[in-house]
Amino acid sequence: MNVRAVVLVGAGVAAALAVGVAVGATALSPAQVLAGLVDPAAESAPIVRGLRLPRVLLAFLVGGALGVSGAALQALVRNPLAEPYLLGLSGGAGLGAVLAMSLEAPGTWAVPLAAFAGAIAAVSLVYRLSSVVGRRLDPRVLLLAGVIVGAFSAAIMTTIITLSPADQLRNAFLWLLGGFSAASWGSVSLFAAYAVLPLGAIWYSGRQLDLLTLGEEPAQALGADTERLKRVVLLATSLLTAAGVAVCGIIGFVGLVVPHMLRGLVGPLHRALLPAVFLAGGGFLVLADALARTVVRPVELPVGVVTALVGVPLFAVLLRRSVR
Amino acid sequence: MARGLRPAVRRVHAVRSRSPGTGRLLRFTPARIPLLALVVAACTQAPPAEGPLRLMDDAGREVVLAGPATRVASLIPATTEWLFALGAGERLVGRTTWCDYPAAAAGVANLGDGIVPNIEAILAAAPDLVLLYHSPANQPAAERLADRGIPALLLRTDGLDDLDRQLELLGRALAVEATADSLRGAIRTGLEAASVPARADAPAVLIVAWDQPPMTLGRASFLSEVLERAGGRNLFADLAVASATVSLESIVARAPDLVLVTSRDSVPAFASRAEWSVIPAVRERRFVRVHGSEFNRPGPRTPQAIVTLRNALEAATP
């Protein structure tokens with residue numbers, strides 16, 4: 001990784017975090033924001049420390065996790081379109097959440113836990129489906145299985161929603177659209193502690209992912225255990241994405257746009273690419289959330305809508321450039 | 001996945017959407033009562049129509065009834081309540097899933113959720129008048145019913161402003177004009193007696209419609225109207241929409257005195273969550289709870305709903 005890229009990514013991330021803490025539905029001066037950060041007794045402390053800071057940190061962690069999951073999956077299935085949600089995760093998570101809502105499961109953690117369980121169940125089903133077909137895990141079969149499991153869960157979910165009271169229907173939909181309004185220090189520390197292991201596992205597999213981009217057989221010839229690699233990366237990305245869905249709903253395009261942007265800047269080698277994608281994905285989602293919070297304040301936009309509105313044009317530009 | 005959800009949600013929004021700024025003219029404030037009395041007088045002077053009835057519904061369509069309606073399918077919970085209040089409950093041949101008041105409505109055939117009307121179920125009930133909520137989804141349904149010779153009225157039932165027009169229309173359609181007039185008078189008196197005049201020191205009340213994401217109700221919502229009449233000030237009265245997702249930060253900055261919830265539990269589950277506890281009124285459990293469909297829709301129970309909320313607000317204000 002060259003120095004220019006390090007400086008660029010580092011400065012971008014620092015700026016994103018600063019903007020994320022500085023702006024919000026209430027207008028606070030930089031002095032008030034600083035006071036809120038350093039002094040727990042300051043008047044602005046409940047807003048800055050209680051709401052903004054955990055929210056910015058959670059958005060950063062989730063964005064980083066989604067970016068890394070996207071980059072790893074794209075290498076794994078050797079398809080630039082791969083995104084964590086293509087593996088049926090979103091459908092499974094949505095189904096879990098909607099089930100918990102329609103059964104009026106008690107407790108504040110019922111919906112996130114159900115979403116997590118649903119996502120893991122969907123990925124297990126996808127994995128089972130694609131491993132039955134042949135002995136080896138074929139990336140194309142994996143994607144196909146992901147699409148059909150996702151479609152099936154979405155159909156069940158729509159059925160449940162159609163049969164539930166109107167209020168629940170709207171609420172389930174809003175929950176799925178994604179947002180960080182539920183961020184708290186509890187959810188930040190839980191997600192941070194949880195994400196360390198899968199992120200570490202993906203980073204550790206970085207060299208083998210580099211080999212895999214050459215093709216499965218050359219990679220094996222060079223000593224990569226491709227079957228084990230596929231299982232590890234699949235499990236790690238599923239765990240990361242499922243936890244992301246559980247804390248903030250479904251947020252698309254981070255895992256798709258950020259790795260593509262960074263490959264041009266940092267290069268394709270995963271030991272360098274993955275940390276850069278983590279930082280940039282986090283920064284991207286922090287900025288998207290800052291926009292979601294402020295554009296139509298006091299009303300809040302779903303952050304998934306912002307990532308799509310910003311991410312799609314960006315992706316289109318990248319696409320045009322790479323075609324040329 | 002989210003894509004598959006969207007049409008269903010749009011439908012619900014259509015049913016729940018309110019149009020801000022319509023018909024504010026007939027608000028029941030003391031200053032406007034002379035105007036109102038004039039309107040009422042003008043209506044009562046009209047002689048009862050003989051032969052076909054020509055009515056204008058809220059979509060601006062002219063609807064022709066062969067005579068007073070005797071078999072009514074009411075696909076709006078509010079009009080179901082009015083039908084019974086007008087003494088025409090026995091003419092009801094169909095209702096929605098949500099029609100939970102009065103209890104006698106439960107004995108009438110359930111024609112579905114009313115969000116996307118089930119034409120077949122409506123035809124099976126053989127009505128001679130169908131009452132539909134004025135929404136984009138219901139407009140084609142009204143046309144399809146008209147093609148089969150069944151008149152349908154598209155009605156707006158969003159707030160108290162709609163009551164007068166609605167009762168007048170129902171009175172004519174059912175040929176119970178006199179009852180409709182006296183009911184209108186009774187409701188007006190009831191609303192005046194129940195309502196508290198606006199005060200500068202009214203408690204600022206946050207209405208929590210949903211906790212994740214945090215959703216509140218704007219001034220176009222019926223509950224906001226009830227709240228203002230009960231002596232509270234809606235914290236988000238500046239939002240012209242019926243409901244909106246708002247940031248917790250803006251709630252903290254606006255510092256509500258009380259938090260109004262519509263849940264069954266007296267202390268809602270979100271009260272124990274860290275991010276909600278940043279709001280002092282939530283942390284100190286300053287909750288006001290209302291529960292029941294009379295807080296969802298304007299109707300004959302609205303004066304009582306205002307009194308209930310007024311008492312709850314007074315009990316919660318130190």
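Mentor: Across all chains of this predicted model, the number of disulfides is zero.

Charged pairs are another matter. Side chains of opposite charge can pair when their charged atoms come close. The structure holds 22 salt bridges over all chains. One of them joins B:Glu249 to A:Arg52, with the closest N and O atoms 2.5 Å apart. This pair crosses between chains, running from helix 9 (residues 248-254) of chain B, which holds B:Glu249, to helix 3 (residues 45-77) of chain A, which holds A:Arg52. Both B:Glu249 and A:Arg52 are buried.

B:Glu249 also meets the side chain of A:Arg293 in a salt bridge, at 4.0 Å from N to O. Because A:Arg293 lies in helix 13 (residues 270-294) of chain A and B:Glu249 in helix 9 of chain B, this pair too joins two chains. A:Arg293 is buried, as is B:Glu249. These residues belong to a network of salt bridges that links A:Arg52, A:Arg55, A:Asp289, A:Arg293, A:Glu300 and B:Glu249.

A further salt bridge is found within chain B, where B:Glu81 pairs with B:Arg301 and the closest N and O atoms are 2.5 Å apart. B:Glu81 lies in helix 3 (residues 77-85) of chain B, and B:Arg301 in the loop between strand 13 (287-289) and helix 11 (302-316) of that chain, so the pair ties together parts that are 220 residues apart in sequence. Burial applies to both partners: the relative accessible area of B:Glu81 is 2%, and that of B:Arg301 is 13%. Each value counts as buried because the cut-off is under 20% relative accessible area.

For a contact of another kind, consider two helices of chain A. Helix 1 (residues 3-22) and helix 12 (residues 254-266) pack at an angle of about 145°, with their axes 9 Å apart. A:Arg4, A:Ala5, A:Leu8 and A:Val9 of helix 1 meet A:Leu262, A:Leu265 and A:Val266 of helix 12. The residues of this contact comprise six nonpolar, no polar and one charged.

Conventions:
Residues are numbered from 1 along each chain as its sequence is written. Chains are lettered from A and ligands numbered from 1 in the order in which they are written. This is a predicted model: local features need pLDDT of at least 70, side-chain atom pairs count only at pLDDT 80 or more; totals for chains, interfaces and linings use all residues. Side-chain values use heavy atoms; hydrogens and water are left out. A disulfide is a pair of cysteine sulfur atoms within 2.5 Å. Axes are lines fitted to C-alpha atoms, for helices over the stretch in contact, and angles run from 0 to 180 degrees between N-to-C directions. Helices (H or I, at least four residues) and strands (E, at least two) are DSSP runs, numbered from the N terminus. Contact means heavy atoms within 4.5 Å. Ala, Val, Leu, Ile, Met, Phe, Trp, Tyr, Cys and Pro count as nonpolar, Asp, Glu, Lys and Arg as charged, and the others, Gly among them, as polar. Buried means under 20% relative accessible area, exposed over 50%, partly exposed in between (1.4 Å probe, protein chains only).
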